[in-house]
Amino acid sequence: WVSLNNGYTTTQFYAIAIEPGNSNSNIVIGGMQDNGTWLTNTTDSDFKWKNLLYGDGAYCAISEGREYYYTSWQGGKTFKMLVNDSGIVTGFTKIDPTGTSNYSFINPFILDANDNKIMYLCSGARIWRNDNLEEIPITNDEYVSSDVNWVKLSGSLAGGTITSLNMPKGPSNRLYYGTSSGKVYRLDSANVGDRDNVGLTDTNLFPSNVNVSCVAPFDNQEDKILVSFSNYEVKSIFYSEDAGTTWQSVSGNLEENTDGSGSGPSVNWLNVLQMSDSLICFAGTSTGVYSTSKLNGDSTIWAQEGSNTLGNVVVHMI
């Protein structure tokens, strides 16, 4: 046999993260299917990435100032790591809560947007909160879960498996999340106590039997939020300016037909870039990345980004 695999690259990222609060940082980490979690600290495309963790690399995060890195692999196993700026792991510990087993295969978690010591972790139809990640000791143990500072938020109970969660920067400490059954919720003051969630699903407007692929709130404008559904043949993106009380469809020309039917792409992720006098909304889809600078209901115009560079590729996260 002669190998014909020269240049044949099969790596697929499930999730990525960049260092927050530092626009000059080149540090990127990402979890890859079957190939672990990796790090780069340069934009040089010839530079070899550094391996941080094996397994199926999944959701990941970096705390502000790079004090800790957070990684995970299949089945919700989540880790706190000490990583130097050369990408060398100097310590780690498994931190997911003891006694919880109903995780998704690639299980979402986020750090609190206002306090990176706090983590929100999905577990089936509920959310767990860790009130101070820094107090979990570094043990270099990849097997034993943690009991330190975890709180099971009974008020977070959702209809369906929680598939996406996000929190904007802002004084309300508001956590938004969505599920595999198309339900959308919010928890106000999610960083303290155990609040009851508020259901935000518009049964008259949202499609039924769909998967919430992303919730994307606006930093420092906590009432504004985008939600996407990844199913085909439905309207894909909705927008609210009043914390989910009312919604409007904004997928616009991403749909072939106004009712969402036809050959429009699957929408997997949303992100909002806010500037002093404008904003750009990005959508990662099954046919590449699209953006718009004006949300205008069903008349919203999305333009493809990098048509000759990114091209028509599946985008899971932005």
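1. The second largest pocket has a lining of 17 residues, with Tyr59, Ile106, Thr163, Ser213 and Trp269 nearest its centre. A pocket here is an open set of points on a 1 Å grid over the protein atoms alone, with protein on both sides within 12 Å along at least five of seven lines; lining residues have an atom within 4 Å of a point. This is a predicted model, in which local features need pLDDT of at least 70 and side-chain atom pairs pLDDT 80 or more, while totals for chains, interfaces and linings use all residues. Residues are numbered from 1 along each chain as its sequence is written, and side-chain values use heavy atoms, without hydrogens and water.

2. At least two lining residues of that pocket come from each of strand E13 (162-166), strand E17 (212-218) and strand E21 (267-274); strands are DSSP runs of at least two residues, numbered from the N terminus. By class, the lining holds nine nonpolar, eight polar and no charged residues (Ala, Val, Leu, Ile, Met, Phe, Trp, Tyr, Cys and Pro count as nonpolar, Asp, Glu, Lys and Arg as charged, the others, Gly among them, as polar).

3. Now for the cavity: what lines the largest cavity? Its lining is Arg129, Leu153, Leu187, Ala190, Val192, Gly193, Asp194 and Arg195, that is, four nonpolar, one polar and three charged residues. A cavity is a set of grid points where a 1.4 Å probe fits but cannot get out.

4. Lastly, a look at Val144, which sits in the loop between strand E11 (126-130) and strand E12 (150-153). Val144 counts as exposed because its relative accessibility is 52% (exposed means over 50% relative accessible area, with a 1.4 Å probe and protein chains only).

Technical notes:
Helix = DSSP H or I, 4+ residues; strand = E, 2+ residues; numbered from the N terminus. Buried < 20%, exposed > 50% of the residue type's maximum accessible area, 1.4 Å probe, protein only.
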